[in-house]
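Please read the following note alongside the sequence and the model.

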Amino acid sequence: MTEALVAPAPVGDIVLSLTGVTKRFGAVQALSDVHLDVRAGEVVALVGDNGAGKSTLVKVISGVYTPDEGSITFAGRQITVGGPSEAQALGIATVFQDLALCDNLDVVANLFLGQEKTSGPFIDEVAMEKESWRLLRTLSAKIPSVRIPIASLSGGQRQTVAIARSLVGSPKIVMLDEPTAALGVAQTAEVLNLIERLRETGLGVILISHNMADVQAVADRIVVLRLGKNAAEFKVEDATTAELVAAITGASDNVVAARASRGPTPTTDGGHHG
Amino acid sequence: MADQKTMTEASDPTASVAADLADERLIRTQGAAGYARLFVNRLKSGELGSLPVVVGLVVISLAFYSAEPKFLSSYSIVSITQFAAPIGVIALGIVLVLLLGEIDLSVGSVSGFASAVMAVLLVNKGQSIVVAILAALAVGLAIGAVYAVLYTKLGVPSFVFSLAGLLGFQGALLFVLGTQGTINIPSQSGLLQFARRSFVPDTVSYILVVAIVALYAATQVWGVRRRTAAELSSPPLALTAVKALLMLVGLLALTYYVNIDRGWSYLWVFFVVLVVLMDLALRRTTWGRHVFAVGGNEEAARRSGIKVDRVYFSVFALTSTLAALGGVLAVGLQTSVSQASGTTDTNLTAIAAAVIGGTSLFGGRGSAYSAMLGILVLQAIQSGLNLINVDSSVRFMVTGAVLLLAVAIDSVSRRARASSGRG
């Protein structure tokens, strides 16, 4: 099921590429001319203030919305994503912010929900349970038992299950929407470890987060959206928190910030990269 | 019972820990005492299963037995099971809609209307019994399909459209019967023979019991083998052996007892087979898994790529079809269709049976067996009160109280589950 974990794609190839993506809701321009590239084995953080268009972009990629303009290229082919299940079939997995797990089902059932293994007319519980343990071990995840209902797991463990579930069906891209939003310190660290493990297995990871510390800890590149446009792009080693915040809030666009960034001697370079 | 440890060593020479038991936080289950503790812990955390209804059934039986010993006679048990079957079939459909967290209030009316269609085709139009029954089932299927469209396409709440159906199909029943009022089914009809006068012969019944237990034991052992092969833990074989033995002894004793009278009715056997098949479909097929998922968290199910609308369609269609089937069987048992068919308390008895049996009203939790256990409780109450000559007014009050008790148990156990993290 998860060949991607066995044979990772060569690191560096562009897996997902968005160009000129535009999305309007009535009179509101939610996204205008947004571009985004994600390579295999790379964590791209997507940051931005509330209303910057992060969620809209995620929904465009996961097939919930169709873009008004622009094109999406996935694994070298131009695609249109018709819906969440189509995105999943293509190899684009999304871990939603509100987890989307069924509390009344156990871990195994949740991991394989919608993609159950069957033998004949029946669900193959043994094969699914075995594969569950393999998946969870790949992620070094700490789940005591896969036969307990999701309701009895902690927030971090639920997030682990949600991330592990995105790996069923060997995706090439995993999108994580605010994966650490409701987690404690230790649990956040665990999830960040998981994200690094996803990268090590050669997946392209899109991480949406408000938390600059998390982003700077795991991301390779940081793409900043502001008011539905690409505002800036940083390599993580180049970005300081102050620069990031400035790009997110647009503080670097105003006159004062521009003067401050020029410093005592005027330069031709703008306030930020990209 | 053999100790868990020796079992593991016997089945796994390397004695390494199974993949699913590797986590150190897991509490190991060892020996008979361990399994007993596991059982008690599950009860405490609100995972009651069918225990309350089984206890209820025993209490009710003892109470009526002490008032009137004939209640537990062989004749009485045969009758209770036989007369429980038709509404039990309807309750089985109710279990399905309840699993989705929806309701169908119209099952009684649908059962009456469908059986009237059957009777008219059979008696007035001279069609064969097979054609008539198929037509009745088709009526049920069509009604369920309309419900599904109303729910998924127009977003009408199930409470509302099934309430409309409750009234509408009661009218349809009167319309189909016309001025006739009552249609009697000819007594030589196969349906009547099957529902009223067919009982499993003694020898066949014993062979069936042994075959069922053997099948149960075989599938259990096969399951343990597969899990061991996949390096997963499994319950000790001794536990399976004890369960199978208890099942064999219990079923043989019960069968012997009902064989003193007429033996198990084929109608009851038919219902039980239906329940077992439904249980398999719910627990072991993708469809059943998706029903539970939609009932538990519809949005999560949709995002997992489950075709939620199809699940709703299949469930509403099955519920109405089972209601029609229940109506047909009820006619076979009562020998006629009248203007009162499926009207009086069929609806609420069927819904109450599913809930009393332990299927949650809140969706995502329940089992096919709850239809069987629930309808046995209600039928036992009815027969018992009839035996001790109590007015039907009391029967309604008692049934209401039992229903209230069942829902209260459901709510309390739900709260216990929430506080102990079992969802």
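1. The buried residues of α7(A) pack against β3 (42–48), α6 (155–167), β9 (173–177), β10 (204–208) and α8 (212–218) of chain A. Helices (H or I, at least four residues) and strands (E, at least two) are DSSP runs, numbered from the N terminus. Two residues are in contact if their C-beta atoms, placed from the backbone, lie within 7 Å.

2. This is a predicted model: local features need pLDDT of at least 70, side-chain atom pairs count only at pLDDT 80 or more, and totals for chains, interfaces and linings use all residues. Residues are numbered from 1 along each chain as its sequence is written, while chains are lettered from A and ligands numbered from 1 in the order in which they are written.

3. The buried residues of α7(A) are T188(A), E190(A), V191(A), L194(A), I195(A), L198(A) and R199(A). A residue is buried if 20 or more other C-beta atoms, placed from the backbone, lie within 10 Å of its own.

4. Helix α7 of chain A covers residues 185–200 and spans 23 Å from its first C-alpha to its last, close to the expected 22 Å (1.5 Å times one less than its number of residues). Just after α7(A), G202(A) has a positive phi of about 90°.

5. Chain B contains 17 helices and two strands. Of its 423 residues, 42% are buried.

6. Chain B has domain 1 (49–199 + 262–419) and domain 2 (200–261), with bounds from an automatic or database domain assignment. Ten residues of domain 1 of chain B contact ten residues of domain 2 of chain B. On the side of domain 1 of chain B that touches domain 2 of chain B, α4(B) gives the most, with four residues.

Methods: Buried ≥ 20, exposed ≤ 12 C-beta atoms within 10 Å, placed from the backbone.
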